[in-house]
Amino acid sequence: DEWVKPVVSVSKGIENNTGMRMSEVISETLHLDIDNIVILSGPSHAEEVGQKYPTTVVAACTDIERARKVQKIFSNKYFRVYSGNDVIGVEIGGSAKNVIALAAGICNGLGYGDNTMAALVTRGLEEIVRLGTVLRAERSTFAGLSGMGDLVVTAFSPHSRNRQVGERIGRGEKISDILNSMEMVAEGVETAQSIHGLTKKHHIEMPICEQIYKV
């Protein structure tokens with residue numbers, strides 16, 4: 001078969017109203033076969049990648065050979081790329097973790113401690129797994145870089161925009177004031193709405209994400 005240059009998606013999120021993942025949006029918009037879309041995702045704050053701190057991410061594609069091609073292109077001595085074919089799991093992990101990071105920020109803003117954060121992240125990961133597996137992701141994906149790894153870095157890092165928004169909510173600021181003061185995007189705010197829609201559609205219990213949606 002003739003080699004088609006893949007599109008590499010580094011966007012995280014779930015489209016409001018449709019519940020579509022980013023690869024599905026790209027496929028529909030560009031009239032591109034899903035096999036030609038590679039997701040590059042994982043615990044990788046740009047500030048630290050720019051400083052060449054050791055970082056690991058995953059390239060996922062339904063066509064594993066394309067994932068491996070992207071893995072080879074992007075890998076270097078400080079940026080290690082793994083490959084896999086669970087696109088759904090990688091995209092759901094990379095999206096839903098932003099909602100849990102908002103909750104983590106709120107806990108921090110309220111002054112709660114390590115016990116609370118450990119409980120939140122652990123139960124938050126379980127909610128992400130529930131959503132992902134209902135959408136036909138592989139459960140094992142969520143123990144990896146785009147699941148647990150991405151959740152940990154986003155929930156605990158001062159670089160995390162979603163955590164920062166959560167902290168400000170926890171300190172009593174209004175969400176409208178917070179978003180109006182930001183130049184960057186906190187994806188978890190919109191993703192909370194998307195996940196709320198998916199939980200209703202698929203009858204999934206995700207109590208932490210549901211409370212963030214209500215907030």
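The largest pocket is lined by 24 residues, and Lys12, Ser44, His45, Ala46 and Arg161 lie nearest its centre. Pockets were located on a 1 Å grid over the protein atoms alone, as open sets of points where a 1.4 Å probe fits, with protein on both sides within 12 Å along at least five of seven lines; lining residues have an atom within 4 Å of a point. Two or more lining residues come from each of strand 2 (37-41), helix 2 (46-50), helix 4, helix 6 and helix 7. The volume of this pocket is about 550 Å³, taken as the space filled by probe spheres set on the points, which are joined across faces, edges and corners.

The model is predicted: local features need pLDDT of at least 70 and side-chain atom pairs pLDDT 80 or more, whereas totals for chains, interfaces and linings use all residues. Residues are numbered from 1 along each chain as its sequence is written, and side-chain values use heavy atoms, without hydrogens or water.

Strand 3 (residues 55-60) and strand 4 (residues 79-84) run parallel and are joined by 6 bridges, where pairing requires at least two DSSP bridges. Helices (H or I, at least four residues) and strands (E, at least two) are DSSP runs numbered from the N terminus. Thr55 stands opposite Phe79 in strand 4.
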